[in-house]
Amino acid sequence: ETLVRVRCEGVHRNRTLDREDFRISVDLGAHPTSAVYECAVATRPGLGEFLQWIQDQRAAGAVAGPWIYTTASAPFTAALLGRLDPRGRVFEDRVLTRDACCPAQMPGFMMKDLNRVPPSGGEAA
């Protein structure tokens, strides 16, 4: 499921958000070059309650996950999770980003290989 919608200045020129819950700055440049993008983020309604529910279920031993699997870059995902899960209590290190994706037949698109997500919250392949 989609947890957020994002509009990054200079990237999503035609995308609008109904509301803005917070902003993040993401540096996608390769050292020593910097390429900082300012991004507005709108969270899915009820996301805070859902993340708390996941924490409660994990504490009770009812669930082992969850995993985040995104076609977004690792720096962007880290910046976003720094706001959504700042202490790492929900996702910990269960995060797969663009680096774990495969190129799609359509240029510029990526596909998620769900075989990379282990069953029952184990280690990533």
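This is a predicted model: local features need pLDDT of at least 70, side-chain atom pairs count only at pLDDT 80 or more; totals for chains, interfaces and linings use all residues.
**Largest pocket.** Two or more lining residues come from each of β1, β3, α1, β4 (68-69), α2 and β7 (110-112). I noted α2 as the element that gives the most, with five residues. I then sorted the lining by class and got 24 nonpolar, eight polar and six charged residues. For the space in the largest pocket I have about 1100 Å³.

**Second largest pocket.** Next I looked up the second largest pocket, which holds about 160 Å³ of space. I list its lining as T2, L3, V4, R5, L17, D18, R19, A42, T43, R44 and P45. The elements giving two or more residues to this lining are β1 and β3. By class I have five nonpolar, two polar and four charged residues here.

**Largest nonpolar core.** I turned to the nonpolar residues, since in soluble globular proteins nonpolar side chains tend to be buried together. The largest nonpolar core has 20 residues, and V4, I24, F76 and L80 touch the most other members. At least two core residues are supplied by each of β1 (4-8), β2 (22-27), β3 (36-43), α1 (47-59) and α2 (74-84). I noted that the largest share, four residues, comes from α2. The helix α2 also gives the most to the lining of the largest pocket.

**F76.** Which residues does F76 touch, not counting residues up to four places away in sequence? I found V6, C8, I24, V26, L28 and C39.

**L96.** I looked up L96 and placed this residue in strand β5 (residues 95-96). Buried or exposed, at 7% relative accessibility? I count L96 as buried, because its 7% falls under the 20% cut-off. I also took the C-alpha to C-alpha distance from L96 to A72: they are 9.2 Å apart in space and 24 residues apart in sequence.

**Aromatic pair.** I searched for aromatic pairs, and the count came to one. The pair is F50 with W53, stacked, at 6.2 Å centre to centre and with 20° between the planes. Both residues sit in helix α1, and I put them about one helical turn apart because they are three residues apart in that helix. F50 is partly exposed, with a relative accessible area of 40%. W53 is also partly exposed, with a relative accessible area of 44%.

**Whole chain.** Last, I checked the chain as a whole. I have two helices and seven strands, in the order β-β-β-α-β-α-β-β-β along the sequence. The C-alpha trace spans about 45 × 35 × 30 Å along its principal axes. Of the 125 residues, 30% count as buried. Of the contacts with a separation of 6 or more, 59% are between residues 24 or more positions apart.

Methods
Residues are numbered from 1 along each chain as its sequence is written. Side-chain values use heavy atoms; hydrogens and water are left out. A nonpolar core is a set of buried Ala, Val, Leu, Ile, Met, Phe, Trp, Tyr and Cys residues joined through side-chain atoms within 4.5 Å. Buried means under 20% relative accessible area, exposed over 50%, partly exposed in between (1.4 Å probe, protein chains only). Contact means heavy atoms within 4.5 Å. On a 1 Å grid over the protein atoms alone, a cavity is a set of points where a 1.4 Å probe fits but cannot get out, and a pocket is an open set with protein on both sides within 12 Å along at least five of seven lines; lining residues have an atom within 4 Å of a point. Grid points are joined across faces, edges and corners, and a volume is the space filled by probe spheres set on the points. Ala, Val, Leu, Ile, Met, Phe, Trp, Tyr, Cys and Pro count as nonpolar, Asp, Glu, Lys and Arg as charged, and the others, Gly among them, as polar. Rings of Phe, Tyr and Trp (its six-membered ring) pair if their centres lie within 6.5 Å; planes under 30 degrees apart count as stacked, over 60 as edge-to-face and the rest as tilted.
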